[in-house]
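Subject: Handing over the two-chain model

Hi,

Here is the structure I promised to pass on to you. Have a look at it first, and then read on for what turned up in it.

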Amino acid sequence: MIVIDRLTKRYGAAAAVSDVSFTCRPGTVTGFLGPNGAGKSTTLRMLCGLAAPTSGTASVLGVPFRDLDQPGRRVGVLLDASAQHPGRTGRETLTLAADTIGVERREVEGILTLVGLDAAAARRRVGRYSLGMRQRLGIGMALLGDPQVLILDEPANGLDPAGIHWMRELLRRFADRGGTVLLSSHLLGEVQAVADQLVIIAGGRIAVRGGTADLLSTTGVQARATDAEALTRALTAAGLRHRRRGDGRFVVDAPAESVARAALAHRVVLLELREPDAAGLEELFLSLTSPAERVA
Amino acid sequence: MSEKILFTSEAGRSTVPAPALARRRTSAGFGRLVRIELRKSVDTRAGRWLLAGVAIIGVAMTFVAMFTGDPDDHTFPRSASSIQGAMAVLLPIVSILLVTSEWSQRTALQTFVLTPRRGRVIAAKLAAGAALAVAVAVLGIVLSALATQLAGTHPTVGEWRQAGVVLVASVSVQLLSQLSGMGFGLLLLHSPAAIVANFVIPIAWAALGGGIAALHGVQPWLDPAKATENLLGGHMNAHRWAQVGVVVLVWVVALIAAGLIRLRRKDIS
C-alpha cells in the first residue's frame, strides 16, 4: 500500500510537484505517467525519503519510508538504473545489497538468473553494462529482499521489446500474488498493458487519474470540422462537454450520434467523427502532456 | 529470463508476501554496516590500487629509512616518522572516495534507500575509515621495526622504550589525516574537490600562519601538519597533546559535524 497525499515540492518559486495525491493498493500495478521533467522522479524520491517535500506526506505500508524497519525487506526500489558504481561487478553490486538487507548471499545467484544476467555478465563490471543490463540489475536489487511493494522509476528504459515484455510479466505476477507496484514511464505504451491504474502528471500536477479500463472508455469521441468555431458553438449549444486539442480535433464526452446531430443542427460540415478506440488513451496522453510541455 | 525460470527460481522464496510480523527484525546491525563499508573500499580496482599504493609507499619509505641519511638517524622513532608520514598522505584518498563516490557514482540513491538513517551510514563509513587508519598505522609500525632491525645499527634499550609512544603517535597521525580527509569529503560530497581541499587547505593555512606574525601564537593549535610533526617527533607533552586536541576539534569534529548537518537536509538525487 502506497499513499501519496498532497505532495508538493518547490525549488524557490518554481514548483516541481504540486498537490499530487494518489493511492496504490495491494494486488495492483499503478502506472505513473508523464513526459520527461513532469515531476515523476521528484515525487518518487519524496516517497522514498530521499527528498523532503515542501508540503504533503507520503507513506509506504502505513508509515513514512524513513520509518520503515528493514526497508529493503519491505519495499523494492529502483530509482535510477544508471546510478551504479561502474567499478563493481554485477554480482558484487547485488552482494553488497544482500549484505545490507540481510538476505543470504545465495539469494544473489537466484536473482541473477531471475533477471537474466548470466555468469559472464555477473562477472563483468557494471561500467561495461548496457542500459538494459543495468535495468535488469536494478530490478534484481529491488526484488532481492522479497518485498511487498515495488517502486520503479522508468524501469523499461533501455530494455528491448522482449525485455519490456519480460518485465511486464514479472510485475503482473508480483501484483497477482498480492504485491503493490508503482512504476513510472514517459511512454504510455510501456505501461498501458500492465497497469490497473494510471496516474498521469504534467507540469508537476495530476492531469488524469483512474482505472486503465475506465480511462480507455471515457476518452470520448473525436471530431473534426471544416469550421472549428462553428463546431464549438454547436457543441456548446447542445450542452456537450468537449475540449479542443492542439491539432484542431475536438474530444467530446458524448456518443457519436449526439455530436453528429449537434453539427447537423448548426449546419457544420464534419470531416471526421470517431468512436474511442485502443489508440485513444495514447492520444489522450499526448494531448494532455504535449501542450503543457511546450508551454513550459 | 523465460517464465519457467521465474517460477523455478522463485520456488524457494515465499510465494505470497509474508505478513509484517513474520519478518520483524531489527535494522541492519552497526557492525554489519561497517563491514559493508570496508568491503566497498576494496571491491573496486581504484580502491584496491589506492590501498596497494599506501602499502607500496610504506615499503619504499622503509628502504629510504634504512639506506639513506646518517646511520645515527636510523632509529625506530625516526623510521616510524618518515614511514607513517608518507603513508598518511595517500591514505585519506581511500576514505574520501568512500564518502564522495556515493555522490559521484550516484550510489547514494540505493545506499540511503536501504538505510534511510543517513547518520548511521556516515557513522559506519567513519568507523570503516578509522579501522583502515589503525591497520595502516600498525603496518607502518611493523615496517619501522623491520627498518630499525635490518639497518644494522643496534637499537638501544632506551629507544625501544619509546615504542609505546611511537605506536600511539602513529595511530593518532593516521586517524587525524584519515578522518580529516573524510570531513572534507562529507562537507563537499565531490571527489576531486574534496581531494584537492584535503591537500591544499592545510598547506595554505600553514603558509598563512607562517607569514602573518599575529597568527604565530595560534598556529600550533590549528595546524594539522604541525600536530603531525609533533606527534611523529616523539616529544609530546601535555601542552602539545592539548594542541593536538584542538586540531582534532577543528579539522575532524567540526568538519564532520558541518557535513552531517548539511547531509540531514540535503535532497539525494
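This is a predicted model: local features need pLDDT of at least 70, side-chain atom pairs count only at pLDDT 80 or more; totals for chains, interfaces and linings use all residues.

**Helix packing in chain B**

With that cut-off in mind, take helix H4 (residues 76-104) and helix H9 (residues 191-211) of chain B, whose axes come within 9 Å and cross at roughly 150°. H4(B) and H9(B) are therefore roughly antiparallel to each other. Their crossing is right-handed. On the H4(B) side, the contact is made by Val89(B), Pro92(B), Ile93(B), Ile96(B), Leu97(B), Thr100(B), Ser101(B) and Ser104(B). H9(B) contributes Ser191(B), Ala194(B), Ile195(B), Asn198(B) and Phe199(B).

Another residue to look up here is Gln178(B), which sits in helix H8 (residues 163-188) of chain B. Is Gln178(B) buried or exposed? Gln178(B) is buried, at a relative accessible area of 0%. Setting aside residues up to four places away in sequence, Gln178(B) touches Leu91(B), Pro92(B), Ser95(B), Gly129(B), Leu132(B) and Ala133(B). Pro92(B) also belongs to the contact between H4(B) and H9(B).

As for chain B overall, there are 12 helices and zero strands. Of its 269 residues, 45% count as buried. Taking contacts in chain B between residues at least 6 apart in sequence, 77% join residues at least 24 apart.

Chain A has 12 helices and 13 strands. Its C-alpha trace spans about 75 × 40 × 35 Å along the principal axes. Buried residues account for 55% of the 296 residues in chain A. For contacts in chain A between residues at least 6 apart in sequence, the share joining residues at least 24 apart is 68%.

In soluble globular proteins, nonpolar side chains tend to be buried together. Which residues touch the most other members of the largest nonpolar core? They are Leu47(A) and Ile151(A), in a core of 59 residues. Not counting residues up to four places away in sequence, Ile151(A) touches Ile2(A), Leu44(A), Leu47(A), Cys48(A), Val60(A), Val75(A), Gly76(A), Val77(A), Leu78(A) and Leu182(A). There is also a second, separate core of 49 residues, which includes Ala98(A), Ile101(A), Phe174(A) and Ala175(A).

Ile206(A) is partly exposed, with a relative accessible area of 25%. Its contacts, leaving aside neighbours within four places in sequence, are Val20(A), Ser21(A), Phe22(A), Val199(A), Ile200(A) and Ile201(A). The C-alpha atoms of Ile206(A) and Leu78(A) are separated by 22 Å, and the two residues are 128 apart along the chain. Leu78(A) is one of the residues that Ile151(A) touches.

**Cysteines**

Cys24(A) counts as buried, at 0% relative accessibility, and Cys48(A) is buried with a relative accessible area of 0%. Cys48(A) is also among the residues that Ile151(A) touches.

**Two backbone angles to look at**

Most residues other than glycine have a negative phi. Asp19(A) has a positive phi, near 55°. Asp19(A) lies in strand S2 (residues 14-24) of chain A and counts as partly exposed, at 45% relative accessibility. In chain B, Arg106(B) has a positive phi of about 65° although it is not a glycine. Arg106(B) is in the loop between H4 and helix H5 (108-114) of chain B. With a relative accessible area of 28%, Arg106(B) is partly exposed.

Note on methods
Residues are numbered from 1 along each chain as its sequence is written. Chains are lettered from A and ligands numbered from 1 in the order in which they are written. Side-chain values use heavy atoms; hydrogens and water are left out. A nonpolar core is a set of buried Ala, Val, Leu, Ile, Met, Phe, Trp, Tyr and Cys residues joined through side-chain atoms within 4.5 Å. Buried means under 20% relative accessible area, exposed over 50%, partly exposed in between (1.4 Å probe, protein chains only). Contact means heavy atoms within 4.5 Å. Axes are lines fitted to C-alpha atoms, for helices over the stretch in contact, and angles run from 0 to 180 degrees between N-to-C directions. Helices (H or I, at least four residues) and strands (E, at least two) are DSSP runs, numbered from the N terminus. Angles under 35 degrees count as roughly parallel, over 145 as roughly antiparallel, 65 to 115 as roughly perpendicular and the rest as oblique. A crossing is left-handed if the near helix is turned anticlockwise from the far one by less than a right angle, and right-handed if clockwise.
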